[in-house]
Each structure stands twice: as structure tokens, then as C-alpha cells.
Amino acid sequence: MESQLVVLLPLAVVWLAAGWLADRLPRAEHARGLRRQVGRVLALTVIGLVLTATVLVVGLSGGGSSPADRAAAGLGLAVPPALAVAACTVRRVRRLWAGAGAVAAAPRTPAPHGLRAAAAHPLIGLPVQLTGLAILPALVATLAPDLLTGADATGPAITVGALGVVAIGVRHALRHNRLVERATPPAPAASARPAGALHV
């Protein structure tokens with residue numbers, strides 16, 4: 001059981017650290033700092049994907065008795081959000097990293113609202129955070145095997161997990177919409193009096 005924890009714990013640490021950093025991206029005030037943070041998120045995300053894929057491949061090809069096999073069996077919940085990270089998040093983070101690099105020539109250049117809004121997009125932070133959270137049940141099951149077993153524990157655990165996912169998603173959507181409104185230029189004010197006839 002401890003050997004299984006050795007496999008799952010680094011995965012959880014990498015994904016949770018990436019989710020924490022991704023959540024802080026829209027708070028960056030300067031373009032250079034935003035680019036540096038985006039680079040860290042990109043590196044941790046790629047590392048997390050490689051480690052997760054390695055554990056799953058080794059687990060699927062094994063006989064079911066090794067630590068990697070048991071760890072892979074507990075990663076079922078993490079597979080869908082990890083696929084979303086590979087399909088959507090990595091591409092968005094790379095574009096954000098390039099966009100921040102284009103305006104980060106001076107150290108104190110403010111981060112544009114458009115870049116901050118892109119950093120707050122739900123497809124950047126949400127899949128990464130959900131992947132990290134989806135590994136936690138496997139960790140709990142490893143540390144306390146009897147805690148999540150039985151009907152008395154399964155129902156509340158599913159309810160709490162679903163409510164947590166909804167709350168995280170709503171928070172990301174609200175923050176993204178707020179930053180998009182800041183990035184949108186105000187509409188030109190209409191003239192108070194109608195235009196008269198054109199005189200030559």
C-alpha cells in the first residue's frame with residue numbers, strides 16, 4: 001500500500017500545484033510575471049500528463065499486482081479531465097505564453113486585460129484543477145481503505161464532489177466574464193442631437 005502511495009502522491013502534488021498556479025494566472029499585474037507563471041503552469045501540466053499516461057500504460061500492461069497497476073486502477077476519475085487538459089488546456093496555455101511574451105519586453109509592462117481574461121478562461125484552470133482533485137479519492141483510499149467504502153460514505157462523497165465541481169466551474173466562468181468585460185472597449189457614445197442636413 002505504501003508503494004502505491006509513492007506512485008500516487010507525486011501525481012497529486014504535480015496536478016494540484018499546476019491547478020493552484022493556473023488559478024493565480026489572472027491576478028498577474030505585469031506581462032513578464034504572467035509569462036513566467038504561464039511557463040510554470042505549462043511545464044507542470046506537461047509533466048502531469050506524462051506521469052499520468054506512464055502510470056496508466058504501465059498499469060494496463062501489467063498483471064494487476066504491482067504498485068503502478070493498483071495506482072492506475074485508482075486513476076479512473078482523473079482520465080476525463082486529463083484528456084481535456086491534453087486536448088484544450090495545453091494549446092490555450094501555449095497561446096497565452098506566446099501572447100504574454102509579445103508584450104513582455106519591459107519588466108513593468110502591465111498585463112493587458114485581454115491576456116488576463118484569456119488566463120481566466122475555464123478551459124485553462126478548470127480541467128487542471130479537476131484532474132488534481134480526481135486523484136485525491138485514490139489517495140484517500142490508499143491511506144484509509146475503509147473510509148470511502150459502503151453506501152453510507154459513497155453517496156455523500158459523490159454529492160460533495162459534484163457540488164465542488166459546480167462551484168469551481170461557476171467561479172471560473174464568473175471571473176472570466178468579469179475580465180472579458182474589462183477587456184472590451186466601451187461603445188462610442190451616441191450623439192445627443194441628430195445629424196442635420198449636409199451643407200456645402
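**Ground rules.** Before comparing helices I wrote down how axes work: they are lines fitted to C-alpha atoms, for helices over the stretch in contact, and angles run from 0 to 180 degrees between N-to-C directions. Two packed helices are described by the angle between their axes and the distance between the axes. I also noted that this is a predicted model, where local features need pLDDT of at least 70 and side-chain atom pairs count only at pLDDT 80 or more, while totals for chains, interfaces and linings use all residues. Residues are numbered from 1 along each chain as its sequence is written, and side-chain values use heavy atoms, with hydrogens and water left out.

**Overview.** I counted 7 helices and 0 strands in the protein; helices (H or I, at least four residues) and strands (E, at least two) are DSSP runs, numbered from the N terminus. Read from the N terminus, the order is α-α-α-α-α-α-α. Of the 200 residues, 34% are buried, where buried means under 20% relative accessible area, exposed over 50% and partly exposed in between (1.4 Å probe, protein chains only). I then looked at contacts, meaning heavy atoms within 4.5 Å. Among those between residues at least 6 apart in sequence, 79% join residues at least 24 apart.

**H2 against H4.** How far apart are the axes of helix H2 and helix H4? I found 9 Å, with an angle of about 155° between H2 (residues 31–61) and H4 (residues 79–102). That makes the pair roughly antiparallel, since angles under 35 degrees count as roughly parallel, over 145 as roughly antiparallel, 65 to 115 as roughly perpendicular and the rest as oblique. H2 passes H4 in a left-handed crossing, the near helix being turned anticlockwise from the far one by less than a right angle (clockwise would be right-handed). On the H2 side I listed residues including Leu34, Val38, Leu42 and Leu49, and on the H4 side residues including Val85, Val90, Val93 and Trp97. The residues of this contact divide into 15 nonpolar, 3 polar and 2 charged.

**H4 against H6.** Next I turned H4 towards H6. Their axes come within 8 Å and cross at roughly 140°, so the two helices are oblique to each other. H4 passes H6 in a left-handed crossing. From H4 the contact takes in Ala82, Val85 and Cys88, among others, and from H6 it takes in Leu123, Ile124 and Pro127, among others. I got 12 nonpolar, 2 polar and 1 charged for the residues of this contact.

**His121.** I found His121 in the loop between helix H5 (113–119) and helix H6 (122–143). Is His121 buried or exposed? It is buried, because its relative accessible area is 18%. Its side chain reaches the backbone nitrogen of Leu123 at 3.0 Å, a polar contact, that is, a pair of N or O atoms within 3.5 Å; within protein, one must be able to donate a hydrogen and the other to accept it, and residues adjacent in sequence count only if both atoms are side-chain atoms. Leaving aside neighbours within four places in sequence, His121 is in contact with Arg92 and His176.

**Thr52.** I looked inside helix H2 for Thr52. Thr52 is buried, with a relative accessible area of 4%. Which side chain does the side chain of Thr52 join in a polar contact? I found Trp15, at 3.0 Å. Beyond four places in sequence, Thr52 is in contact with Leu11, Trp15 and Leu75.

**Loop residues.** Leu77 sits in the loop between helix H3 (67–73) and H4, and counts as exposed at 57% relative accessibility. Leu77 still touches Ala134 and Pro137, not counting residues up to four places away in sequence.

I finished in the loop between H4 and H5, where I found Thr109. Pro112 lies in the loop between H4 and H5 and counts as partly exposed at 32% relative accessibility.

Definitions and conventions: Nonpolar A, V, L, I, M, F, W, Y, C, P; charged D, E, K, R; others polar.
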